[in-house]
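Let me put the thing up on the screen, and then I'll walk through a few spots.

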Amino acid sequence: TMIDSVHDFEAWLHELLGHTPRQIEHDVLMRFGPKKCCYGKLWGDGLGGFAGDFKSGTFATWSAINPQHLSHSERLTHEARIAQSKAERDREQTEQWARNRPRIKAIWEQSHSLVMGDPVTLYLKRRGLVGMWPLPACLRYHHALPYWEDGEVIGTYPAMVAKFRGADGRCVAIHQTYLTRDGRKADVPSPKKMSPAAGLLMGGCIPLADPFERVLGVAEGIETALCAGAGSGIPVVATYAANALGAYQWPKGLRRLVIFADNDVSGTGQAAARKLEARARAAGLAVSVLIPQTPGEDWADVYARRDAVAVESVADSLERARFDDQEGGAA
């Protein structure tokens with residue numbers, strides 16, 4: 001039974017989180033996955049367990065036995081174990097966030113305000129953002145940010161660093177874009193990374209702008225958001241990935257949300273945008289979803305080309321949305 005439960009628990013972990021530990025150990029809180037953000041525990045008797053992801057806030061419990069087949073006393077024991085598991089998870093998460101907080105603070109304090117000609121401004125110019133000044137205060141330049149890979153520092157690089165604000169408004173992480181001195185992406189496995197978190201990332205954003213007249217835009221990445229804002233005249237914030245776009249939590253009091261989606265060939269960006277659109281509409285917001293016409297492109301690509309047709313279609317969409325608002329309809 002125990003061997004079967006290990007196999008079934010491992011399969012459940014993979015389905016839930018997309019990752020599994022190298023070895024399943026009983027009664028041990030295991031950490032695994034990217035930056036060890038995933039965790040799981042299989043109880044000593046192999047009859048149940050729990051798992052989750054600190055980064056996304058995912059948490060779920062597993063039982064080797066259908067809960068409907070448990071006796072009353074077994075069900076009470078099962079529920080007590082679940083409550084204990086959640087308490088253990090919360091304690092571990094709180095302790096990890098506390099350990100990460102000084103590192104986040106240090107990265108920000110070691111960085112500098114942007115100056116024309118530094119690697120960050122050169123990088124943004126290469127992405128088509130020529131003449132945008134001043135740039136948002138949440139962006140800074142770090143002259144030698146350590147690059148971590150598999151728990152080791154493999155070098156230091158210039159970097160664009162950005163405050164990442166959780167849904168509660170606190171800075172909970174630093175988004176890092178590793179660069180070369182002349183403003184290109186550094187030759188590293190993942191030029192864009194998030195620092196270890198000091199709070200829940202899901203729902204948060206990089207606060208590149210504040211709402212104006214209760215209107216706000218949101219896009220997947222910093223460059224895309226800056227370009228979408230420059231091209232539309234709308235204040236736009238950035239999430240850090242498609243799944244984060246779908247989970248974005250807009251500020252209170254917002255009236256209209258404009259979603260600048262990527263036109264991913266895989267459909268991932270569009271699906272995330274529609275998920276956010278459905279949530280926002282259900283909450284009573286007017287919503288516009290804008291997607292570039294060319295597959296594989298985002299709004300940074302469109303803005304860099306200054307595609308008159310595409311930019312004009314955005315302007316038309318937004319104007320129709322404003323008219324619908326005045327008429328009492330939804331965009």
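Let's start at Pro134, which sits in the loop between α3 and β5. Keep in mind that this is a predicted model. The bond to look at is the one running from Trp133 to Pro134: that peptide bond is cis, with omega near 0°. Trp133 is in that loop too, between α3 (119-126) and β5 (139-149).

Asp27 has a phi of about 60°, and Asp27 belongs to the loop between α1 (2-17) and β1 (30-32). Arg214 also comes out at about 60°, in the loop between β8 (192-194) and β9 (215-219). On accessibility, Asp27 is at 48%, so partly exposed, and Arg214 is at 49%, so partly exposed as well.

Okay, rings. There are nine aromatic pairs in the structure. Take Tyr39 and Phe50: their ring centres are 6.3 Å apart and the planes meet at 55°, so we call that pair tilted. Tyr39 is in strand β2 (residues 38-42) and Phe50 is in strand β3 (residues 48-53), so the pair ties together parts eleven residues apart in sequence. Both Tyr39 and Phe50 are buried. Elsewhere, Phe9, Trp12 and Trp62 make up one aromatic cluster. And for anyone who likes a charge over a ring, Lys193 lies over the face of Tyr147, 4.4 Å from the ring centre.

Now salt bridges. The count is ten. Here's one of them: the side chains of Arg31 and Glu92 meet at 2.7 Å, N to O. That pair links distant parts of the chain, with Arg31 in strand β1 and Glu92 in helix α2, 61 residues apart. How accessible is Glu92? Its relative accessible area is 18%, and the cut-off for buried is under 20%, so Glu92 is buried. Arg31, at 23%, lands in the partly exposed class.

Next, Arg170 and Asp168 form a salt bridge, with the closest N and O atoms 2.9 Å apart. Arg170 is at 40% relative accessibility, so partly exposed.

Then there's Glu223 with Lys192, a salt bridge at 2.8 Å, N to O. This pair also links distant parts of the chain: Glu223 is in helix α4 (residues 222-232), Lys192 is in strand β8, and they are 31 residues apart. Glu223 is at 2% relative accessibility, so buried, whereas Lys192 is at 33% and counts as partly exposed. There's also a network, where salt bridges with shared partners join Arg274, Glu277 and Arg281.

Leaving out residues up to four places away in sequence, Asn100 touches Pro196 and Ala197. Then Pro67 is in the loop between β4 (58-63) and α2, partly exposed at 42%. Its C-alpha atom is 8.6 Å from that of His78, eleven residues away along the chain.

That's my tour, so over to you.

Technical notes:
Residues numbered from 1 in each chain as written. Predicted model: local features only at pLDDT ≥ 70, side-chain atom pairs only at ≥ 80, totals over all residues. Heavy atoms only, no water. Contact = heavy atoms within 4.5 Å. Helix = DSSP H or I, 4+ residues; strand = E, 2+ residues; numbered from the N terminus. Buried < 20%, exposed > 50% of the residue type's maximum accessible area, 1.4 Å probe, protein only. Phe/Tyr/Trp six-rings, centres within 6.5 Å; stacked < 30°, edge-to-face > 60°. Lys NZ or Arg CZ within 6 Å of the ring centre and 35° of its normal. Salt bridge = Lys/Arg side-chain N within 4 Å of Asp/Glu carboxyl O.
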